[in-house]
Structures are given as structure tokens and as C-alpha cells.
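Please go through the predicted model below by question and answer.

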Amino acid sequence: MRVLTDDGCELWTSDTGRGEPILCCHGGPGLWDMFSALDPGSRFRLIRWDQRGGGRSAPRGPYTLARMVADVDAVRARHGLDRVIVLGHSWGAHLGLLYALAHPERVSSLVYVSGVGLGREWHAEFERNFEAALGDRYARWAALRAMDRDEAGERELAVLQWTADFVAHGERYAEEMAIPWFPVNYEANAALGEEMRAVREEDLIEACQALAVPTLIVDGMADTRPRWAVDSLAEALPVVTRVRLSGVGHVPWLEAPDEFRAALLDFLGVVSDKEG
């Protein structure tokens, strides 16, 4: 199904399964949907989409946080959903949070997977962890980053970078994430990153303190992005469950699918019991 936004941008979406819908927001910014291996079980319907400028969606901006939030709502509305579970990963976790803050009445629960919290102090530690995770491969990654790259070079850079997101079998998982392959949208990445850096952590904390949407935070404790970065978010949210998966990196549904599914279903079961 294609979704046409109010500013005329065509978004690619996928709707699979039957049951309670989960709307997924992928990472990036500037990437595309990588939830094809996510299996929440037969009780759920999975709605995936490529954010504007990435993957199978139209290569056009504007690339702003407000526009991205509006796009989430366009996908929700086009699929006929009044309220929906929103599941976001990495940058998509932050996008899901922003959507819940903007439209709490349209989000039944929020699943915040491998997000990086509300501030920016984590980034220096992440860079050290990333270099250590790549080890001998870091020199090749740095060389690729510094050169003008063709499509093959772009893909090699991304796969090498994603390898650091896993504790084991990183090369295999990173290759899976690169199928299908699309160009990385660096314009979207830069624009949204700059806007996120301009938002004060204190303002986000204050907004989160008023958010009554039940939220599950999932941390892979071996993620190169330090998990203490999410502490201020967890402390601010009034209704929050936090699950820490030991020995798991940045993409838990690939590296530990059974543990991830169990955490998700347990959380959503508790939410359903309370509401029903």
C-alpha cells in the first residue's frame, strides 16, 4: 500500500498478519525499513514503512521532526487505525516517542527499542565503543568514510558499520540488513540530526513527565550506544517498563528473537489486561 501525505509525498508501506496492529518506525535517519525479520507472533498485525527520502518512499523532503511525526500519522490514518501500538528502533524509537508526545490519544502503547535517550552526552562513549567493536576493521571503515564512494563502497561502509551492532555473527546480520539495498539519504540524516541536537534535554524530560502512554524500553546491554543515556527518559515517563537483555547488541529482534518477543508479548499482555 502506498500512502500519500498531505504535502504530496508518496510513502511505501507494508501490512502483514492479522490481529492487533503494531506500527513500526525504522532507524536512521536516512535509512529504510529493516523489520522484515521481526516476528511478534500471530496475535499481531505488522505495519512497516519507509520514511520519506529513504528506501521505496519518494526521495523528497522536507526533513524535519514535525514532518516526520506528521508522516507517522499519515501511515496510521491510511491504514484505518484509531489507536495503535508504536514500535520504534534507534532513531525510530525517538520518532515514536515524538509521535506519542504529539498524539498520545492515538498511541495505545509505545515500544522504545535501542533508542539513545533524550540528550547527547553519550556520543563520545559510543565512538570509543564503536572503534573497539570493529577492532582491526576500523581502519577500513575510516578509509571508506574519508573517500568518495560509489554504490559498492556505500554498501561496504554501511555493512561494516552495522557489523559493530552485534555481539556475534555481525557480518551475517549486517548483510541481512543490507538486503534489499537502497542509497543512504545523508541529507535527511544531517538535517534531522541537527534539529535533534537543538532540542534541550530538559524540555523533553518535562514533556515526557506528562505522557501517560504505557512504554516499554528495551536495551541490549552490549549495544555500543551506552544504555545509561536512556536513564533520564525512563525516570521521566510515568508508566514505564524497562527490559535489559544481557549479551545483546543494537538489533535485538535479530540477535535474540525469542527474548525480544517474550519481552514484547509480556509487556503488551500487561497493557491489554489493564485496559480490558
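Q: Where does P180 lie?
A: P180 is placed in the loop between α6 and α7 (186–198), where helices (H or I, at least four residues) and strands (E, at least two) are DSSP runs, numbered from the N terminus. The peptide bond that leads from I179 into P180 is cis, with omega near -5°. Another cis peptide bond joins G61 and P62, with omega about 5°, and P62 belongs to the loop between β4 (44–49) and α1.

Q: What makes the protein chain as compact as a globular protein of its length?
A: The chain has 11 helices and eight strands. Its radius of gyration is 18 Å, close to the 19 Å that the globule rule gives for 276 residues, so the chain is as compact as a globular protein of that length. The radius is taken over C-alpha atoms, and the rule is 2.2 Å times the number of residues to the power 0.38. Along its principal axes, the C-alpha trace spans about 55 × 40 × 40 Å.

Q: Why is D82 called exposed?
A: The relative accessible area of D82 is 67%. Buried means under 20%, exposed over 50%, and partly exposed in between (1.4 Å probe, protein chains only); D82 is therefore exposed. This residue lies in the loop between α1 (65–78) and β5 (84–89). Leaving aside neighbours within four places in sequence, D82 is in contact (heavy atoms within 4.5 Å) with R76 and R106.

Q: What makes H94 buried?
A: H94 has a relative accessible area of 10%, and it is therefore classed as buried. The residue is found in helix α2 (residues 91–102). Beyond its neighbours within four places in sequence, H94 is in contact with Y112, G117, M196 and L204.

Q: Why is E195 called partly exposed?
A: E195 has a relative accessible area of 29%, so it falls into the partly exposed class. It lies in helix α7. Apart from neighbours within four places in sequence, E195 is in contact with Y63, T64 and L65.

Q: How do you know that S114 is buried?
A: The relative accessible area of S114 is 1%, and therefore S114 is buried. It is found in the loop between β6 (107–113) and α3 (123–134).

Q: Why are α5 and α6 called oblique to each other?
A: The axes of helix α5 (residues 151–163) and helix α6 (residues 170–177) come within 8 Å and cross at roughly 130°. Axes are lines fitted to C-alpha atoms, for helices over the stretch in contact, and angles run from 0 to 180 degrees between N-to-C directions. Angles under 35 degrees count as roughly parallel, over 145 as roughly antiparallel, 65 to 115 as roughly perpendicular and the rest as oblique; α5 and α6 are therefore oblique. In this pair, R155, V159, W162 and T163 of α5 meet G170, E171, A174, E175 and M177 of α6.

Q: What makes α2 and α8 an oblique pair?
A: The axes of α2 and helix α8 (residues 201–209) cross at roughly 55° and come within 10 Å. The two helices are therefore oblique to each other. H94, L97, L98 and L101 of α2 make the contact with L204, A207 and C208 of α8. By class, this contact has six nonpolar, one polar and no charged residues. Here Ala, Val, Leu, Ile, Met, Phe, Trp, Tyr, Cys and Pro count as nonpolar, Asp, Glu, Lys and Arg as charged, and the others, Gly among them, as polar.

Notes
Residues numbered from 1 in each chain as written. Predicted model: local features only at pLDDT ≥ 70, side-chain atom pairs only at ≥ 80, totals over all residues. Heavy atoms only, no water.
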